Amino acid sequence: MIQYSFDFADIDALREYYRSELNADENADRIFFPESIADGYLSYYKISPEVFLLINNYVANTDIEYERKAIKEKDLILHFRKYAVSHDTNNGFLKSDYINDYTPGNMRCIDAQQGEKVFIPKGATVKSTMIVLKRSYTEAYLNQNKDIAQKVASYIKYSHEHINKLYFNYKQTKLFDQIVDPDLNRVEHQLYYISRGIRLLETFWRDVLLWDAGQNPFGIDSSQVNHIYKVTNFLDKNLKEAFVGVDKLASMAYMSRTNFFTIFKEIHNKTPLEYFNSKRLEKAFNLIFTNRMSVRDVMDELNYSNSSKFRKAFFNKFNMYPEIKE
């Protein structure tokens, strides 16, 4: 097992620590792991002298344990990630274990004065974004607004106790994906990541302003969200069949029709039928332009019965008709 110990008291020192441990010759913002430890990298970006963006994107090739030491300053750590982590709080100390199950992602707000141990088993995928807010960034604002200060304190407490209820909304998911899985065909530089980090930070402050522990915006159990993804996988695997209907999908998710519909749209920004139709058209596009299948064969393959409706839907999505021009 590889073990690392660090804190967030000095982000620049933390960057140099990882560079010396992982890739001493690397002088860019992105620090790659040695192959014996992991495939992937860590990245560090300074949004301002008081706000930092850290990115983890790797697959562990060995067991890794991190210990984040508590610091004296009451800095805040916003942690966004999309792979499942089990949590246990013991005597005020957080313990987190990565597992391989995919989730729609969750976010927690951590008081840096509280330490943490994180265990990452060999083979686990780690994709996460951390935004570190130094005390000097938050203190002046919170001291002027006691209501916001109380909401932040309540938000942190709830985040520690109910991590499985703080799931990504659609906007956060899109921003997160752009940060940890950028389009490498585009010219990317640090402003690309910083701008998206700022927008992700904005979603945190929006959530804090909405925060009410009695009626909070995160009151959805993680098991419900996981059921939504199981239904999503079912739809993805059954694009050749007719849409089964919202009632049956809700039953598969063990949820009421209304609750299922609401959560599905929150996660995917589409209704179940819109999602199914969109994925079916994407499948049709690949069959026509990659597999070189005829339009008629694709329609038969994906259960399209009306040629004019199929062509219109295809054009509306891709701004082109489904014909291959030789």
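**A walk from the strands to the cores**

Let's start with strand β1 (residues 2–6), which pairs with β5 in the parallel sense over five bridges; strands count as paired if DSSP finds at least two bridges between them. Strands (E, at least two residues) and helices (H or I, at least four) are DSSP runs numbered from the N terminus. Within this pairing, Ile-2 stands opposite Ile-64 in β5. This is a predicted model, in which local features need pLDDT of at least 70, side-chain atom pairs count only at pLDDT 80 or more, and totals for chains, interfaces and linings use all residues. Residues are numbered from 1 along each chain as its sequence is written, and side-chain values use heavy atoms, leaving out hydrogens and water.

Stay with β5 for a moment. Five bridges also join β5 to β8 (residues 116–120), and these two strands run antiparallel. Here Arg-68 has Glu-116 of β8 as its bridge partner. Strand β5 (residues 64–68) has a covered face with Ile-64, Tyr-66 and Arg-68, while Glu-65 and Glu-67 make up the uncovered one.

Now for the interior. A nonpolar core is a set of buried (under 20% relative accessible area, 1.4 Å probe, protein chains only) Ala, Val, Leu, Ile, Met, Phe, Trp, Tyr and Cys residues joined through side-chain atoms within 4.5 Å. The largest such core has 33 residues, and Ile-131, Leu-133 and Phe-204 have the most contacts inside it. Helix α5 gives the most to this core, with eight residues. A second, separate core of 29 residues includes Phe-6, Phe-52, Ile-120 and Val-132.

Conventions: Buried < 20%, exposed > 50% of the residue type's maximum accessible area, 1.4 Å probe, protein only.
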